Amino acid sequence: MQIDVLVDPFGTRWSDLRDTARAAAEAGFAGVWTWDHLDGRVYDAPNVLECWTVLTALAVAVPNVMVGPLVLNVANRRPGVLAVMAATLQDVSGGRLLLGLGAGGGPDTPYHREQEAIGGTVAADPVRRAQIETCVEQVRRLWRSPGFLEPDPAPPFVIGAFGPKMAELAGRVGDGINTRAAHPRLGEIVTIARVAHERAGRDPAHFLVTVFTALDEAWLTIDSERRRHLDTLGVNRLILSVRPADDRARIAAAGRMAKRVGASEPD
């Protein structure tokens, strides 16, 4: 299992995110992710840094770690634009992109207000799920079209899912799934996605399972109930969220702990 860090873009500056990501890489973490939001008020912050701009800068400033959005709101970028964006970042990063994609929050969540602030709307759940499927199909088509940059290799689509319908979609059209590490139905969600992946004629052994949670030493303790549960499910990447963004001493301590755990695991 790879251990990653999620840096918090709310109410912070680029220099803090850069230095936090560098600290994570130096501590031995395998990847750096960040949220995709536009309005800082959804988390009671005065502002928020834009996800893709941050990831592109991190790809240059912090070499040798994976980078990814957790996760891109499909409503924020047209598929044609996203296709070129993702191919470009894959080129800039030298193949280190994990392409997180999600349906965005529904009308009953606080996230609807950032869409309203930019003149958008928030559709019902079935519409937003359909938008995910259409986006993935169009991006892959454009990657193979004349005149469009083709990423090498194509970054995996890691689709955010908290319920069974999105999990089925993630497995059927995506290359991986992202959900909460402490999801009360984590085993069910992962199984649904893997079964859908296999039914779509694809190899479930190559399906990525990524989970996120707040940075807590219990997730790094190999004999803890939490960690054993993730290992049993075959989780590929554990993403630990760091708040505030400049808590680099805690990242360094967590990295040292993760290294000790890695050294103690059997071959």
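Reader: What should the 14 residues of helix α7 span, at 1.5 Å a residue?

Author: This is a predicted model, where local features need pLDDT of at least 70, side-chain atom pairs count only at pLDDT 80 or more, and totals for chains, interfaces and linings use all residues. Residues are numbered from 1 along each chain as its sequence is written, and side-chain values use heavy atoms, without hydrogens and water. Helix α7 covers residues 186-199, and its end C-alpha atoms lie 20 Å apart.

Reader: Where do the buried residues of α7 fall, seen down its axis?

Author: Buried means under 20% relative accessible area, exposed over 50%, partly exposed in between (1.4 Å probe, protein chains only). L186, I189, V190, A193, A196 and H197 are buried in α7. They fall within an arc of 130 degrees, so they line one face of the helix.

Reader: Which exposed residues does the face of α7 turned away from its buried side carry?

Author: The buried residues pack against α6, β7, β8 and α8, where contact means heavy atoms within 4.5 Å. The face turned away from that buried side carries E198 and R199.

Reader: Are α5 and α6 roughly parallel or roughly antiparallel?

Author: Angles run from 0 to 180 degrees between N-to-C directions. Under 35 degrees counts as roughly parallel, over 145 as roughly antiparallel, 65 to 115 as roughly perpendicular, the rest as oblique. Helix α5 (residues 125-143) and α6 pack at about 10 degrees, with axes 10 Å apart. The two helices are therefore roughly parallel.

Key. Helices (H or I, at least four residues) and strands (E, at least two) are DSSP runs, numbered from the N terminus. The expected span of a helix is 1.5 Å times one less than its number of residues. The arc is that of the directions from the helix axis to the C-beta atoms.
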